[in-house]
Amino acid sequence: MDFAMSVLKEDENILASFKCNLKSFIDFTIVDENGVLLVTDTRVLFCKYIGRNLSVVHNFDYKLITSFNLKEDDDKNKYIIFKYNGDRVKITNIQSGDILKVCEVISNKQRVL
């Protein structure tokens, strides 16, 4: 995960990650981008590649995640839906990573209402 070190804060560690697509309506902006979801010990980052480097597109603070669900569509493709600060966030096209680890970390760290 050396490629991700440039987007991390000091003393922040990646706990899980995967390639995916972010489809959402966040901060009054429609988002539909391919990238990487990084789940750290302090936050969730959705990043995209600019050239060979990662750039943070969205920063999701655990205390503002109020619901979290792993779902499956009719074709048996898994996807994640969560509420972030009132916005609905959908993570689809999940590839090459540990989805169960991502779910475990976010579920344990999200704000419980």
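## Salt bridges

Glu33 and Lys48 join their side chains in a salt bridge, with N and O 3.2 Å apart; the term covers a side-chain nitrogen of Lys or Arg within 4 Å of a carboxyl oxygen of Asp or Glu. Glu33 belongs to strand β2 (residues 29-40) and Lys48 to strand β3, so the pair ties together parts that are 15 residues apart in sequence. Strands (E, at least two residues) and helices (H or I, at least four) are DSSP runs, numbered from the N terminus. Glu33 is partly exposed, at a relative accessible area of 22%, and Lys48 is partly exposed at 29%. Here buried means under 20% relative accessible area, exposed over 50%, and partly exposed in between (1.4 Å probe, protein chains only).

The model is predicted: local features need pLDDT of at least 70, side-chain atom pairs count only at pLDDT 80 or more, and totals for chains, interfaces and linings use all residues. Residues are numbered from 1 along each chain as its sequence is written, and side-chain values use heavy atoms, with hydrogens and water left out.

The count of salt bridges comes to 5. One of them pairs Arg43 with Glu12, whose closest N and O atoms are 2.7 Å apart. This pair links distant parts of the chain, 31 residues apart: Arg43 is in strand β3 (residues 43-50) and Glu12 in the segment before β1 (14-26). Both Arg43 and Glu12 are buried. Asp61 and Lys63 also meet through their side chains in a salt bridge, at 4.0 Å from N to O. In that pair Asp61 counts as partly exposed, at 27% relative accessibility, while Lys63 counts as exposed, at 54%. A network of salt bridges links Glu72, Lys76 and Lys78. Lys76 has its place in the loop between β5 (65-72) and β6 and counts as exposed, at 60% relative accessibility. From Lys76 to Ser107 the C-alpha to C-alpha distance is 22 Å, and the two are 31 residues apart in sequence.

## A buried charge without a partner

Side chains of opposite charge can pair when their charged atoms come close. Asp87 is buried yet has no salt bridge, and Lys83, the nearest side chain of opposite charge, is 7.7 Å away. For charge, Lys and Arg count as positive and Asp and Glu as negative; His and the chain ends are not counted.

Asp87 is part of strand β7 (residues 87-95). Leaving aside residues up to four places away in sequence, Asp87 touches Phe25, Ile26, Asp27 and Phe82, where contact means heavy atoms within 4.5 Å.

## Aromatic rings

The count of aromatic pairs comes to 3. Rings of Phe, Tyr and Trp (its six-membered ring) pair if their centres lie within 6.5 Å; planes under 30 degrees apart count as stacked, over 60 as edge-to-face and the rest as tilted. Phe60 and Tyr84 have ring centres 5.0 Å apart and planes at 80°, so this pair is edge-to-face. Phe60 lies in strand β4 (residues 53-61) and Tyr84 in strand β6 (residues 78-84), so the pair ties together parts that are 24 residues apart in sequence. Both Phe60 and Tyr84 are buried. One aromatic cluster is formed by Phe60, Phe68, Phe82 and Tyr84.

Another ring, that of Tyr79, has the charged end of Lys90 over it, 4.7 Å from the ring centre. A charge sits over a ring if NZ of Lys or CZ of Arg is within 6 Å of the ring centre and within 35 degrees of the ring normal.

## Backbone at two asparagines

Asn85 is not a glycine, yet has a positive phi of about 50°. Asn85 is in the loop between β6 and β7 and is exposed, with a relative accessible area of 52%.

Asn93 likewise has a positive phi of about 50° without being a glycine. Asn93 is found in strand β7 and is partly exposed, at 43% relative accessible area.

## Overall fold

The protein has 7 strands and 1 helix, in the order β-β-β-β-β-β-β-α from the N terminus on. The radius of gyration is 13 Å, close to the 13 Å that the globule rule gives for 113 residues, so the protein is as compact as a globular protein of that length. This radius is taken over C-alpha atoms, and the globule rule is 2.2 Å times the number of residues to the power 0.38.

The C-alpha trace spans about 35 × 30 × 30 Å along its principal axes. Of the 113 residues, 40% count as buried. Among contacts between residues at least 6 apart in sequence, 48% join residues at least 24 apart.
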